[in-house]
Amino acid sequence: MDLIPSRDEILRGDTTDVYFRRTMEVLRASGRDRTRVVAEGIVKRFPGDYPYGVFSGRDEMLSLFSGREVDIDAMEEGALFFPYEPVFTVSGPYGAFCEMETAMLGTICQASGIATAASRVKHAAGGRQVLSFGARRMHPALSTLIDRNAFIGGADGVSAVRSASFLGETPQGTMPHALVLVFGDTLSAMRAFDATVDPAVPRVCLIDTLQDEKFEAVRVAEALGERLSGVRLDTPGSRRGNFRKILEEVRWELDLRGFGHVRLIASGGLGEEEIRALRDVADAFGVGTFLSNAPTLDYALDIVEVEGAPFAKRGKGSGRKQTYACAACAGRAVLPAGKPGRECCGAPMEPQLAPALRAGHAVAAPAPAREVRERVLRQVERFHARGKTP
Ligand SMILES: [Zn+2]
């Protein structure tokens, strides 16, 4: 048996928690596996003090139910949502999706967690470029998933070759310390890179391997001139002292010599706070662990209706619901489904959950990653422009 479950195994329900398998056994034996239910997916609390979540992994989630006797209504892929809002509902005979719950939640919890973290990093970068360097921090089987969600959340590029190919993007990267060490000298490594690699690839030199960043940056810039696109500082923690000062100094020395076109790329253990603090001195950020290891959004799937009647566990409002948003302000509301929406700012609020899957068939093809990314960026911008949580 492989360490990574195959898609067939996942679709068969083999990755389910055993209690769902036992539940199916009991329901079949007692003739209740056809009991019709409506379940809703919500997140009660986001990681840290995050005010919003980005719904991602929706299209992959839908594909888990392909051919099953299940209907799903959902928010759009990349929708911003808030605590306790129904993000999607699943309806059908409970037996048709009971054993898929584990896989379904895992799909959206991780994808949404990464997309949410990426949206925060992108916002913190304040218009500077963010590159996803996180592939190396998780199992390679997850690399495309990580990069895809980093990208739709707002990352401008991804480093892993397969991820970029999946997204239809050009992979972004510079050079590793290994290249400099093998050549024994930063400039020799850069010259060899420049002589060998496709001229379309921006020349970005890693300048923290052997000598001081300022002197290495100047040396490389003087040698490559206009061809040098950027320098990357991955300065080790033990030498970092004041990373901001190092970046400022490199910028100063480059500008003084007429190399204002050379971009500064910072990497190495950067998260939201570090990026916010450096965004006026760096032009781009390579972000790894903060994205790949993003806290998951812990969706819960709760039954709210059984055989057409509102019925839910303690601590949970019963009945099928609809989440509404005002197009003009930050207003949001959760109301019983099927009832007319409330007015806000004198205009009717818009329902956020729409048919996504009917009888196991996706209602629409998945939106391209770039389109979803634009949607996320637009909503995050609006969210911050309004400066408040609904
Ligand atoms: Zn309003």
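In which sense do E1 and strand E12 pair, and over how many bridges? In this predicted model, the two strands, of which E12 comprises residues 299-306, pair in the antiparallel sense over 7 bridges. Within this pairing, Val-38 is found opposite Glu-305 of E12. Strand E1, which spans residues 36-43, is also joined to strand E5 (residues 88-93) by 6 bridges, and these two strands likewise run antiparallel. Strand E1 is mostly covered, since 7 of its 8 residues are classed as buried.

Burial also marks helix H5, formed by residues 143-153, in which 11 of the 11 residues are buried.

A zinc ion is held by protein donors that are the SG atoms of Cys-326, Cys-329, Cys-344 and Cys-345, at distances of 2.2 to 2.3 Å from the metal. Along the chain, these donors follow the spacing C-x2-C-x14-C-C. The arrangement around the zinc ion is tetrahedral because the 4 donor atoms subtend angles of 97 to 120°, and four donors are counted as tetrahedral if all angles lie between 85 and 135 degrees. For reference, the ideal angle for four tetrahedral donors at a metal is 109.5 degrees.

Cys-329, by contrast, has a relative accessibility of 24% and so counts as partly exposed.

Cysteine pairing was considered next. With a disulfide taken as a pair of cysteine sulfur atoms within 2.5 Å, the count comes to 0 disulfides. Cys-109 is accordingly in no disulfide, and the cysteine sulfur nearest to that of Cys-109 belongs to Cys-98, 17 Å away. Cys-109 is itself buried, because its relative accessible area is 11%.

Methods. Residues numbered from 1 in each chain as written. Predicted model: local features only at pLDDT ≥ 70, side-chain atom pairs only at ≥ 80, totals over all residues. Heavy atoms only, no water. Donors = N, O, S within 2.8 Å, 3.2 Å for Na, K, Ca; no water. Tetrahedral: all angles 85-135°; square planar, octahedral: opposite > 155°, others 65-115°. Buried < 20%, exposed > 50% of the residue type's maximum accessible area, 1.4 Å probe, protein only. Helix = DSSP H or I, 4+ residues; strand = E, 2+ residues; numbered from the N terminus. Pairing = 2+ DSSP bridges.
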